[in-house]
Amino acid sequence: KTKKLIVDFRRAQHPRMYTPLEINGITVDRVSCFKYLGVHITEDLTWTTHTAALVSKARQRLYHLRQLRKFRVSLRVLQCFYSGAVGQEGSAENSAFGRTHHGNYTPQSPCRT
C-alpha cells in the first residue's frame, strides 16, 4: 500500500536513475500520481490530473440532471434532485476543509416536506 512519488525539478540532459526504496526488504512502488485527501498529486506538480478527475465526476453527476431537464421536469424537482444527488458531494468536500458555509450564507434545501 505504500507508494513513493519523486518530485525533481533539476534540469538534466538524460533521464535520472533513482535507487529503489526498500522497507523491511520490500521494494516500495514508484508512482507518477496519487490521491491524497481528495487531491491528485503528480510528480510534475500540475493540476491537470486533478482537474480532469473533477470534470469527469461533475459530468457524471450532472448527466441525470440534464436528462430530467430534457424531459421538462419542474424547476422544484430539478432543485431537489440537485441538492440531493449533486449538491451533497460538494458540501462533503467543503466540510473536509472546514468550509461548510461561505460567509453568512446558509444553504437552504428547496425540498422541505
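**Exercise 1. Find the distance and location of the salt bridge between R30 and E43.**

Solution. The side chains of R30 and E43 meet in a salt bridge, 3.5 Å from N to O. R30 lies in strand β4, E43 in the loop between β6 and α1 (48-70), 13 residues apart. The term requires a side-chain nitrogen of Lys or Arg within 4 Å of a carboxyl oxygen of Asp or Glu. Helices (H or I, at least four residues) and strands (E, at least two) are DSSP runs, numbered from the N terminus.

The model is predicted: local features need pLDDT of at least 70, side-chain atom pairs pLDDT 80 or more, while totals for chains, interfaces and linings use all residues. Residues are numbered from 1 along each chain as its sequence is written, and side-chain values use heavy atoms, without hydrogens and water.

**Exercise 2. Classify R30 and E43 as buried, partly exposed or exposed.**

Solution. Take the cut-offs: buried is under 20% relative accessible area, exposed over 50%, partly exposed in between (1.4 Å probe, protein chains only). R30 has 43% relative accessibility, so R30 is partly exposed. E43 has 30%, so E43 is partly exposed.

**Exercise 3. State how many salt bridges the whole structure holds, and describe the one of D29.**

Solution. The search finds two. D29 pairs with K3, with the closest N and O atoms 3.3 Å apart. D29 is in strand β4 (residues 29-30), K3 in strand β1 (residues 3-4), 26 residues apart.

**Exercise 4. Describe the pairing of β5 and β6.**

Solution. Strands pair if DSSP finds at least two bridges between them. β5 (residues 33-36) and β6 (residues 39-42) have four, in the antiparallel sense. F34 stands opposite I41 in β6. Two residues separate the strands in this hairpin, where L37 takes a positive phi near 55°.
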